[in-house]
Amino acid sequence: MVKDPDAMCKASRPITATFAALLAGVSLLAASPLMAMDSPQASPTLEQEDVSNREDANPSTREQVDSLTGEHVDTSTVTGDPFYCGERKLGTWFYCERPKPKPSEPAASASAASPTYRQQLDKIGARLEELKAKAILEPTSDNIIAYVRYQREQLDRASTFADVWERAIWQHPDLDYTLQRPVSTLGKTAWLAQRKTDREAVIASLSERYGLFFFYSSSCGACEVFSPIVRTLSDKYHLSVLPVSMDGGPTPAFPRYVVNQGQYEKMGLEGGQVPALVLFDTYLKKPIPIGYGIMAEDEVLQRIFYLTSVKPGSDF
């Protein structure tokens, strides 16, 4: 079979064109990186896109843009991967939650750091007792010396307190109790003398307003001793005395008497105890019990003076 050269050339042209196209494609692929590097117009566009992508995907920024919804996602409250924990909103997971700060306890720490003065004083007392107990149970030289030294420290502290106390009282007369009730020998003597004068003035005018009820029993030995004292007070200060016999019997100091017919209870007395002495206010029609049993003359006068002229609490 004889092959026609022209026919063969025509048949080979499509094949040659196909290979040429393939070779041209390979050449374009190989040259594209170089063309991209040499092209001055493509570079800014690529850089802008790259910067935009970096800004949208930067995990350090507070907000990111969700690529699907376009919403802004705050990533400052989440931890872990921003894509899964922030942008994708996959739910609450332990790796997406920011650890919560532990609550501070300033009150407890402040209390532990600075104990109150009462706590400090209690601590000193407990320490002193502990050293004392140790020195008694284990009486070694070191233990006794430690106790004595600590005790001396507290005595010095107490002495300083007493000294400052006294200096403060000197400068504040409203706090000085000794101005109301002196304790020095000279001051006390002057105070007692003034008090005696005041008492005598009160007792001298006592008969103008007050009288005495004297309850006794003829079979009572204490009543026989106390009856003459009441009689002396009556004569000296011109006090009216009404003797009341609880058993109907007489008494040598008061030949004239009355028998009890409820006067004892009306004077506010209870139990039938004798001898009993009651001061009666004729202005207010009010009984003032003075006391029971044997009392000296001066004691009776002192009680009458306090009950009638001294305000409770002013002398103490």
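## Phe 215 and its neighbours

Two residues are in contact here when heavy atoms of theirs lie within 4.5 Å. With that in mind, let us start at one residue of this predicted model. Which residues does Phe 215 touch, not counting residues up to four places away in sequence? They are Val 244, Met 246, Asn 260, Gln 263, Tyr 264, Met 267, Leu 269, Val 274, Pro 275, Ala 276 and Val 278.

Phe 215 is also one of the residues with the most contacts inside the largest nonpolar core, along with Phe 214 and Leu 277. That core has 34 residues. Two or more residues come from each of strand 3, helix 8, strand 4, strand 6, strand 7 and helix 10, and strand 3 gives the most, with six. A second, separate core has five residues, including Leu 128, Ala 135, Tyr 147 and Tyr 150.

Five of them form an open sheet in the order 5-4-3-6-7, with mixed pairing. Strand 5 (258–259) and strand 7 (286–292) are the edge strands, each pairing on one side only.

Strand 3 (residues 210–216) pairs with strand 4 (residues 241–245) in the parallel sense over five bridges, and Phe 215 has Val 244 of strand 4 as its bridge partner. With strand 6, strand 3 pairs in the antiparallel sense over six bridges; here Gly 211 is partnered by Phe 280.

Two helices pack on this sheet. Helix 8 (residues 221–237) touches strand 3, strand 4 and strand 6 (276–281), and its direction makes about 165° with that of strand 3. Helix 10 (residues 297–309) touches strand 3, strand 6 and strand 7, at about 145° to the direction of strand 7.

## A look at strand 6

Is strand 6 mostly covered or mostly open? It is mostly covered, with six of its six residues buried. In a regular strand, side chains alternate between the two faces of the sheet. In strand 6, Ala 276, Val 278 and Phe 280 point one way, while Leu 277, Leu 279 and Asp 281 point the other way.

Strand 6 pairs with strand 7 in the antiparallel sense over six bridges, and Ala 276 stands opposite Tyr 292. These two strands form a hairpin with four residues between them, and Lys 285 in the turn has a positive phi of about 55°.

## Where two helices cross

How do helix 7 (residues 185–204) and helix 10 meet? Their axes come within 10 Å and cross at roughly 80°, so the two helices are roughly perpendicular to each other. The contact residues divide into six nonpolar, three polar and four charged.

Methods:
Residues are numbered from 1 along each chain as its sequence is written. This is a predicted model: local features need pLDDT of at least 70, side-chain atom pairs count only at pLDDT 80 or more; totals for chains, interfaces and linings use all residues. Side-chain values use heavy atoms; hydrogens and water are left out. Two strands pair if DSSP finds at least two bridges between them. Axes are lines fitted to C-alpha atoms, for helices over the stretch in contact, and angles run from 0 to 180 degrees between N-to-C directions. A nonpolar core is a set of buried Ala, Val, Leu, Ile, Met, Phe, Trp, Tyr and Cys residues joined through side-chain atoms within 4.5 Å. Buried means under 20% relative accessible area, exposed over 50%, partly exposed in between (1.4 Å probe, protein chains only). Angles under 35 degrees count as roughly parallel, over 145 as roughly antiparallel, 65 to 115 as roughly perpendicular and the rest as oblique. Ala, Val, Leu, Ile, Met, Phe, Trp, Tyr, Cys and Pro count as nonpolar, Asp, Glu, Lys and Arg as charged, and the others, Gly among them, as polar.
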